[in-house]
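Please open the structure in your viewer and keep the selection tool at hand.

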Amino acid sequence: MGEHREIVVVGGGPVGACAAYYLATGGASVTLLEKEAEVCPPVSGAHANCGLLVPGDVEPLASPGALGKGLRWMRDSSSPFYIAPRPSPDLVRWLWLFRAAATKARARAAAPVLRALHVASASLHDELARDHGERWMFHHDGIVQAYEGSAAMAQACEEAEVARGFGVRAEVLAESEVRKRFPGMRGAVAGGIFFPEDGHLDPTLFTRAVAGLTAAAGADVRRGAEAIALEPEAGGVRVVTTRGNIVAGQVVLAAGAWTPALTRGLGLRLPIEPAKGYSVDVERPADFPELPLYLGDARCVLTPLGDALRLGSTLELSGWDMTIRRKRVAWLRNAGERVMGIPADGPVRQIWRGPRPVTPDGLPVIGRVPGRERVIVASGHCMLGLSLGPVTGQLVAELAGGAQPSLDLAPLSPGRFRA
Ligand SMILES: Cc1cc2nc3c(=O)[nH]c(=O)nc-3n(C[C@H](O)[C@H](O)[C@H](O)COP(=O)(O)OP(=O)(O)OC[C@H]3O[C@@H](n4cnc5c(N)ncnc54)[C@H](O)[C@@H]3O)c2cc1C
């Protein structure tokens, strides 16, 4: 027994909020469940992420050389990509699948899939921002990737050339052009790449505003309600929650890195690992422009958000250990000091960490659970959940409504890891 809804969406991150938005504005009766007291809570993967919209990012995490770097850095917990050694069958399986996906051929096959998702999502972001963008500090003016060393710059130029082959706009900048855009830059810089299609926004403001628009469209946005299990029910699925049961015609699982805990009971073992990332908010220097800067050598992003500057990134596979490692915070702050002269021991507004839902092949999981056709998975967005939230939401709405999805979902299918 329980109340009845057409569709229940589990997870109030950017992906769940966008799915609920496109479902509700399409006329479905929707309940959005978020286990925490607020949508996009501090424990989520998006709360204080770097806020970048990156349609130019077509290289999946599983690219040639990535595993080698991860293994090399394994003993250095301050490095930008760290795998904490631990006896976990899930991690072993994930690494095995990652190794298989980290080939040139697989990365080249994933790039057009990511690009198609990005292009569609960027235009939906523009559409959402047209009326509401000021509410989430939306800017669509590009980002700059800068490189301190000339070898790293040469490699970035090669990668930009590959990205151009997939339709990405990428402009090589000389050292002087980088410094002109970032007058406060102090450290060495060999050059940079400008990605004019990219943008940035505040992830918490965006997600909460989209949830608000979803409620305004008639959806029931329920906070503090955790989905515990999904059970079969005649003509639907019973969603057992900490605040009563709901019988839904269809369920969308958009619980980020928590999603595998819910699909396991459905017989689907999804290889999604929580990959911890960090951010540090400091006061924005007066001369820092309204343009995000990615420091390629340090793998650190600097995003202006109002009067704050967010230094973020690093990737740590430590399971659900969400301890804040001070060495990793120091890594970000040292990069900010070295390149921009922001004192590494100066005042901090906020230190945050959160779990990215990472798949071993770097592609999200969007589609129906094999054998459980009433359940749709929308998760595994790795480092791209904010960028790809809108297109994922739209694809979920198309699927749930019985329409032909506007993009090919075969490469994103939840069953693809079974073989
Ligand atoms: C440091 C860092 C920087 C990043 N920078 C960027 C960036 O610049 N651009 C970009 O596009 N992406 C970025 N990402 C990645 C992005 O944040 C993730 O891809 C995104 O958060 C995934 O969104 P999601 O909605 O799937 O999951 P989440 O954001 O993790 O949201 C999942 C939600 O589901 C809720 N939930 C979980 N289980 C249940 C349950 N059983 N019942 C009810 N609710 C539940 C959680 O509380 C959470 O609120 C970054 C991530 C990190 C960590």
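The stops that follow concern helices, their contacts and several individual residues. Please keep in mind that this is a predicted model.

**Stop 1: helices H1 and H10**

Begin by selecting residues 14–25, which form helix H1, and residues 385–400, which form helix H10. The axes of these two helices come within 7 Å and cross at roughly 40°. H1 and H10 are therefore oblique to each other. The crossing in which H1 passes H10 is right-handed.

Next, display the side chains where the two helices meet. On the H1 side, the residues are Pro14, Val15, Cys18, Ala19, Tyr21, Tyr22 and Leu23. On the H10 side, they include Gly385, Leu386, Gly389, Pro390 and Ala400. Sorted by class, the contact of H1 with H10 has twelve nonpolar residues, five polar residues and no charged residues.

**Stop 2**

The axes of H1 and H7 come within 9 Å and cross at roughly 25°. H1 is therefore roughly parallel to H7, as an angle under 35 degrees counts as roughly parallel. In this case H1 passes its partner H7 in a left-handed crossing. H1 contributes Pro14, Ala17, Cys18, Ala20, Tyr21 and Ala24 to the contact, while H7 contributes Pro203, Phe206, Thr207, Val210, Ala211, Leu213 and Thr214. The contact of H1 with H7 comprises eleven nonpolar, two polar and no charged residues.

Now colour the buried residues of H7, which are Pro203, Thr204, Phe206, Thr207, Ala209, Val210, Ala211 and Thr214. Their spacing may be viewed with a general rule in mind: an α-helix has 3.6 residues a turn, so residues three or four places apart point the same way. The elements against which the buried residues of H7 pack are H1, strand S2 (30–34), helix H4 (104–132), strand S9 (220–223) and H10.

**Stop 3**

Gly218 takes a positive phi of about 105°. Is Gly218 buried or exposed? Gly218 is exposed, because 12 other C-beta atoms lie within 10 Å and a residue with 12 or fewer counts as exposed. For a sense of scale, select Val339 as well: the C-alpha atoms of Gly218 and Val339 are 48 Å apart in space, and the two residues are 121 residues apart in sequence.

**Stop 4**

Select H4, which has 29 residues. At 1.5 Å a residue, H4 should span 42 Å, and its end C-alpha atoms are 40 Å apart, which agrees. Among the buried residues of H4 are Ala107, Val113, Leu117, His118, Ser121, His125 and Leu128. The cover over the buried residues of H4 includes strand S3 (52–53), strand S8 (199–200) and H10.

Bring H10 back into view. H4 and H10 pack at an angle of about 95°, with their axes 7 Å apart. H4 is therefore roughly perpendicular to H10. The contact joins Leu117, His118, Ala120, Ser121, Leu124, His125 and Leu128 of H4 to Ser387, Leu388, Pro390, Val391 and Gln394 of H10. By class, this contact of H4 with H10 has seven nonpolar, five polar and no charged residues.

**Stop 5**

Select Pro64 in the loop between S3 and helix H2 (66–72). With 14 other C-beta atoms within 10 Å, Pro64 is partly exposed. Pro64 and Arg106 are 42 residues apart along the chain, yet their C-alpha atoms are separated by 9.2 Å. Beyond its neighbours within four places in sequence, Pro64 is in contact with Ala102, Thr103, Lys104 and Ala107.

**Stop 6: two residues with positive phi**

Finally, select Arg299, in the loop between strand S14 (293–295) and strand S15 (300–305). Arg299 is not a glycine, although its phi is positive, at about 55°. Arg299 counts as partly exposed, with 16 C-beta neighbours inside 10 Å.

Ser313 lies in strand S16, residues 308–317. The phi of Ser313 is near 120°, again a positive value in a residue other than glycine. Ser313 counts as buried, because 25 C-beta neighbours lie inside 10 Å and the cut-off is 20 or more.

Methods. Residues are numbered from 1 along each chain as its sequence is written. This is a predicted model: local features need pLDDT of at least 70, side-chain atom pairs count only at pLDDT 80 or more; totals for chains, interfaces and linings use all residues. Axes are lines fitted to C-alpha atoms, for helices over the stretch in contact, and angles run from 0 to 180 degrees between N-to-C directions. Helices (H or I, at least four residues) and strands (E, at least two) are DSSP runs, numbered from the N terminus. Angles under 35 degrees count as roughly parallel, over 145 as roughly antiparallel, 65 to 115 as roughly perpendicular and the rest as oblique. A crossing is left-handed if the near helix is turned anticlockwise from the far one by less than a right angle, and right-handed if clockwise. Two residues are in contact if their C-beta atoms, placed from the backbone, lie within 7 Å. Ala, Val, Leu, Ile, Met, Phe, Trp, Tyr, Cys and Pro count as nonpolar, Asp, Glu, Lys and Arg as charged, and the others, Gly among them, as polar. The expected span of a helix is 1.5 Å times one less than its number of residues.
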